[in-house]
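Hello,

Here is the structure you will be working from. Please open it alongside this note.

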Amino acid sequence: MKMTIWSLCLILSLSNSVLVLASHVKHLCRQDQKNALLEFKNEFYVQEFNSNGIVGVKKTEKWRNNTDCCSWDGISCDPKTGKVVELDLMNSFLNGPLRYDSSLFRLQHLHNLDLGSNNFSGILPGSIGSLKYLRVLSLGDCNLFGKIPSSLGNLTYLTNLDLSVNDFTGELPDSMGHLNKLTELHLGSAKLSGNFPSMLLNLSELTLIDLGSNQFGGMLPSNMSSLSKLVYFGIDRNSFSGSIPSSLFMLPSLTSLVLGRNDFNGPLDFGNISSPSNLGVLSLLENNFNGPIPESISKLVGLFYLDLSLWNTKRGMVDFNIFLHLKSLTFLDLSYINTRSMVDISIFSPLLSLGYLDLSGINLKISSTLSLPSPMGTLILSSCNIPEFPKFLENQTTLYYLDISANQIEGQVPEWLWSLPELQYVNISQNSFSGFKGPANVIQRCGELLMLDISSNTFQDPFPLLPNSTTIFLGSDNRFSGEIPRTICKLVSLDTLDLSNNNFNGSIPRCFEKFNTTLSVLHLRNNNFSGEFPEESISDHLRSLDVGRNQLSGELPKSLINCTRLEFLNVEDNIINDKFPFWLRMLPKLQILVLRSNEFHGPISSLGDSLSFPKLRIFDISENRFNGVIRSDYFAGWSAMSSAVDIVDIMPSRYAGRDSGNYYNSVTMTVKGSIIELVGSVFTIYKTMDVSGNRFEGRIPESIGLLKELIVLNTSNNG
């Protein structure tokens, strides 16, 4: 008993000692540093937003005044001084401007600052130049705009700078030429302009320059040899012109040269390549090169990625043997090089590492006994004048992306295709296929299929049974008839469904409600659907809805108000009987609204009710029974038609770096009495309005004059 009491006393005594010791533990964090951090936290509000798929963490919400700030998420301190040397709040859902007097700039000993993927929605203050000890500064994807401050040139210890994916204006400041320790410069998609920033030639420590997807132009400097340590040089998606300086190819450390989608022209000179080149990536796609592909490209024996697509050989002959010296190639894109050469695809057999091959637009010869030994993952042979289904594909067990669209293949799709174990994307559109060999469920053998494009063929019933994994199905321009089979509603991951230009009839299936959280594109144009469009069949995720040229009746589904992503809405040439859908103004992204040729009626404006479509660029309500007077200020808030603003067109989803099948947005419009059809990318240039064929009265609204970007205006046949 005494022993037990003694033990308890000892435990209590030790516990008290530990508590006393703990209470005297000194926090590493300095009070002035903690105060600055807490003030910085309070400068922003934390709210989740679209972070481009990056997983975010609300780090600052876990910061507490009664804890050591050096232990907070995103904070690192100097163990000797307690000063904050690293602040990493990437994608922490910070919202609000970065102020010029922000408490951030009291953290004068910062070495690393990463605030990327937050929403600062303002200018980058010149105070950033006061953080003179910075080695790493990352402010990519922060919704910053205005000019890049010249004070950045004060950060002479900087080795890594990331200002990519912002909305800056103007050129890089000359002061950046003072950053002589800089090794990496990330400025992709930053909206910068001007000529190539010549001050970069002074930064001899640079190993990476990324200026891709900006608005730069002019010619590159003729001598770039000062960048002797450069490993990556990316300037794609700009407007650079002239010839590519041969000095680029002579840089001893260069491994990646990404120059695609510019306006380069003239002869391509690889210089005197006497020693083996380290260049592994060469992307020259979509420039203005013409004439023969230089044979000296065969000296770049280290290449594993080569893209020469859209090189204009002026219908000349191409010696494809020059590529056989590039034994390390895993990616080769020679699509649409405008050659009259016919190529036997077997010529590529020696390239044993080839996993991606695009020969679209080249006349191909394919032997029935061909065997390609390389582990092909992506094979694109569109518009190659292929007369029959390539039999060698049966042995391509690693193939996951196949495009043999726009050829001359007839008959039935072979049964063995769906047994390829890795196959996920199949595009056989624009041929003359009429059916599928094998049982009704043959395609379901392809258990991982994600995309199937069979559009523009002569397929007819029975409608194919698809695997549940299917996310994109494009079956337009075929001969399918009857009702849409309800089996399609089992595709619970469906994102895109295009059944336009067939002979379907009956009602739109109510079971489409199963797509409520997935379907973003629904095109049922030019069939014989009838009845009302079920409210529950509208997916909240819709970006594009086209049910034009059917026989749909009733009212426009009010559930469309939930489609906050909707950009394209076309219900033309039906018998929909409804008032003007004022509630569509609640859709913030709506760009194209076509109600043409229905039985809509009544006024399109009402007293005290403003109507603003800020992103609308095609507005067609012609050939209905709308009436009344259009208010003089009716179009005052239609900003997309008032100024030259950038609006992203609805484009097909992209997988594996390629367009995964093509669906097209399509509308009919009347210009000077002639009916024309706008299809696909034409939408990027047209801003039109058609209110003709109604019963409007009074004068044309004065606010029409604000729509300075309007190309077509049709107000005829009213009154």
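Below is what was found in it.

This is a predicted model: local features need pLDDT of at least 70, side-chain atom pairs count only at pLDDT 80 or more, and totals for chains, interfaces and linings use all residues. Residues are numbered from 1 along each chain as its sequence is written, and side-chain values use heavy atoms, without hydrogens and water.

Buried means under 20% relative accessible area, exposed over 50%, partly exposed in between (1.4 Å probe, protein chains only). Helices (H or I, at least four residues) and strands (E, at least two) are DSSP runs, numbered from the N terminus.

Next, the backbone. Most residues other than glycine have a negative phi, and most peptide bonds are trans. Lysine 314 has a positive phi of about 55 degrees. This lysine 314 sits in the loop between strand S20 (305-307) and strand S21 (331-333). Lysine 314 is exposed, at 54% relative accessible area. Aspartate 477 also has a positive phi, near 55 degrees, but is partly exposed at 33%. A cis peptide bond joins aspartate 461 and proline 462, with omega about 5 degrees.

Best wishes
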